[in-house]
Amino acid sequence: MEQEALATHSAVTSKTGSDMTDIMVVDLESFVHVELDMENNNGISEVGNNLSGLNEALFLEEEEEDEDESGDDSGTDHFNSEKSGTRLQRSERPAGGNSNVPDTFQTSHLLFYERFRAYQDYMLGDCKPSEVKAFTADYLEKVVEPCDWLALWSTDVFDVLVEVCDVDFKDLKACVRLVLPLQCDTRGCDLTEEAMKVLLGDSGDKVPLQQLQVVYVLSGDFDQTALAVEHLRFFYDHIWRQWDEEDEDDFDYFVRCVEPRLRLYYDILEDRVPAGLVAEYQSLLQSCSQCFQKFTVLRSGLSTDSDSELDNVSMVEGLQLYDQLETLRRKLHIFENPLLRYVLGYKGNVPQQCVQSRGPRASGVKGVHVVTASCSSMQLQSLLSDRLLPLCCSEDTEIQFHRDPLSAVEVCHEGDVVIVLPGVYTVSRSIFLPDSITIEGFGLPDEVVIEKKNKGDSFVESTGANVSLSNIKFIQHDAIEGILCVRQGTVHMENCVLQCETTGVIVRNSARLTMNMCDLYGSKGAGVEIYPGSVCSLVGNGIHHCKDGILIKDFADELDVMPSITMENNVIHNNEGYGVILVKANSGEQQGVPADRSEEEPAGPADSQPGGSAALLSSSSSAQSESTEARPDSESSGTDAASSSGRKWHFSRQLSRSKEPSCSRAVQDLMQHQIFVSIQGNQFRRNGMGDFGTFFY
């Protein structure tokens, strides 16, 4: 048997050897892809024939390896350097127009991660603020074709076809010449060849690179150039600020400025930021730009060695502008930080978005609005005996029927009552309550459901003097802002269920909320957010499975008044952060927290707290390090500078040198804080960071 086995093995080996010889011979003519089936031990299995020749495959692999090692990337999912045609889309001119200029590359629709990767990995890296221009020039020099490509010189007035002859990467400009005959599109003006030559001559035949749009070429030779110019244009249009270069080189510019601004841009683009917040941010950005321009003009006019009274006055005025500029910049950083923009920066929708009060009816008649799609005879009989007869006992009452709550609320006047029968009602717009009305569900909250699915700034927004909500379940989907915002006036809420998505209930400055026996959950922010000057009574509620249970904003502003809060018999449990968290300015005079304690216990690392929220608050608020600025020191240094003649005045950041970020730490004696009118009988269970905490900014 052993001899037979050996003979068989010898035969198989011989056959295999001859087969391998045949395969090697065939490989000289036709490449055969082979692989070992290690799992089934089936030896060598052919996968495919009739591919390219072996030598061509080997050479192709070597070329690809050389290209990978060269590191010549475009910066946005860099393309293989094989010129197999463009991978970018064409940006076509509007149909039906009389344009005589060629199409350009479509590069303005890049995704967030494409721009993020380009700036982080290729263009900016870990540069400091003063190095941004040098890093950008180095990036462009690697990927932009130095000459012989066509582009549209685009301004607000015209688009003109030009040819790029050379690129000055240090100045971020291109030397161009007109393509004749003149090809252009104009907006509101007539442009001749002679006028364009004069305009180019005045600028030295150079135009900024970000004003160029690369003409579409099918070959793919200019894909990287088009992408690089787009990254440059987008950076200086949406990321760069005039005052960035004045910053000290003590932080990573991409981490501190580029990433948060880029995220904010895409959050706004994709409708994840309320319209009111966007308007406030843009207004603040414009104010900061104007203030910086005034400051720059004043600074350039100062003499460094003059003792004149005029220069001393200008210096004092300049220091005032500088202080105003720093305040505006701190607010901008708050808006740009995704964690803090809702906590500190947002003051609510613009007033025009609030519906005006209708007041009482001219006839003096009160209205009762019944909302139902359909109801049974028993429901109608019960409704009539339990609610309608008591409400309509007088002759000055009329009853109206509606199919959805939104249509009922929109025709309500002062003093009307809306009764919602059991059912699931879907609304497509925000519900505004400008008058003192009552909305009640005729049944249990789980039976009377109002659901909002369309994206919008708010679900329910109240400005009425005395609004009542009861026995209703509100479900929020695809939300941007809170489920209920009490902007002004008073809201009484009882026996309601609030299924949130972003922030829960927001009580603005000077507004009042009474919330009894309600269940609130699911908020990605705070379940209840209380602003300064408001009055809030929370009795017998359940607040759970939110980021934080209750967030109280006790701002250190001379115009802010502390809120007045009553908390009794609430169950606050299973929240990711704190059960109750107080937001305070990081100053020496902290109410409820001794000043020496805040100085002796600086913000520690994440392991100093039992959970990850402290690390999140500290790390994600690095942009708020300016908020630790010592204002008295700035003012005293300004007085000294104004009084000393001949001292050179520099634009420098007068920040606390500790550069400490915002901190969050548990404060067990928060219950003794004077913002609480009454706090008793509450239960706190399984909150990730603890029952009480303070967030300093």
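**Figure 1. Asn337 in the loop between α9 and α10 of the predicted model.** In this predicted model, Asn337 counts as buried, at 2% relative accessibility. The loop that holds Asn337 runs between α9 (309–336) and α10 (341–345).

**Figure 2. Packing of helices α3 and α7.** Helix α3 comprises residues 112–123 and helix α7 comprises residues 253–269. The two helices pack at an angle of about 165°, and their axes are 11 Å apart. Because of this angle, α3 is roughly antiparallel to α7; the threshold for that description is an angle over 145 degrees. The crossing of α3 and α7 is right-handed.

Figure 3. Ring pairs link six residues into a cluster: Phe112, Phe116, Phe234, Phe254, Tyr265 and Tyr266.

Figure 4. Helix α4 (residues 132–143) packs against helix α6 (residues 223–239) at an angle of about 165°, and the axes lie 9 Å apart. The angle makes α4 roughly antiparallel to α6. In passing α6, α4 makes a left-handed crossing. Arg233 belongs to helix α6 and is buried, with a relative accessible area of 16%; the burial criterion is a value under 20%. The C-alpha atoms of Arg233 and Gln213 are separated by 9.6 Å, and these two residues are 20 residues apart along the chain.

**Figure 5. The aromatic pair of Phe235 and Tyr236.** The structure holds 18 aromatic pairs. One of them is formed by Phe235 and Tyr236, with 5.0 Å centre to centre and 85° between the planes. The pair is edge-to-face, because planes over 60 degrees apart are assigned to that class. The two partners are described by separate burial classes: Phe235 is buried, with a relative accessible area of 0%, whereas Tyr236 is partly exposed, with a relative accessible area of 22%.

**Figure 6. The cis peptide bond between Leu180 and Pro181.** Leu180 and Pro181 are joined by a cis peptide bond. The omega angle of this bond is about 0°. Pro181 is part of the loop that runs between β7 (173–178) and β8 (184–186).

Figure 7. Asp205 is not a glycine, yet its phi is positive, at about 60°. This residue lies in the loop between α5 (193–202) and β9 (206–208), and Asp205 counts as partly exposed, at 35% relative accessibility. Asn495, likewise a residue other than glycine, has a positive phi near 55°. The loop that contains Asn495 runs between β22 (490–494) and β23 (497–499). At 30% relative accessibility, Asn495 is also classed as partly exposed.

**Figure 8. Gly441 in strand β16.** Gly441 is placed in strand β16, which spans residues 438–441. The residue is buried, with a relative accessible area of 5%. Ile472 is included in this view: the C-alpha atoms of Gly441 and Ile472 are separated by 5.3 Å, while the two residues are 31 residues apart along the chain.

**Figure 9. Cysteines in a structure with zero disulfides.** A search of the whole structure finds zero disulfides. Such a bond would require two cysteine sulfur atoms within 2.5 Å. Two cysteines are shown. Cys375 is partly exposed, with a relative accessible area of 34%, whereas Cys536 counts as buried, at 1% relative accessibility.

Key: Residues numbered from 1 in each chain as written. Predicted model: local features only at pLDDT ≥ 70, side-chain atom pairs only at ≥ 80, totals over all residues. Heavy atoms only, no water. Phe/Tyr/Trp six-rings, centres within 6.5 Å; stacked < 30°, edge-to-face > 60°. Buried < 20%, exposed > 50% of the residue type's maximum accessible area, 1.4 Å probe, protein only. Axes fitted to C-alpha atoms, helices over the stretch in contact; angles between N-to-C directions. Helix = DSSP H or I, 4+ residues; strand = E, 2+ residues; numbered from the N terminus. Parallel < 35°, antiparallel > 145°, perpendicular 65-115°, else oblique. Left-handed = near helix turned anticlockwise from the far one by under 90°.
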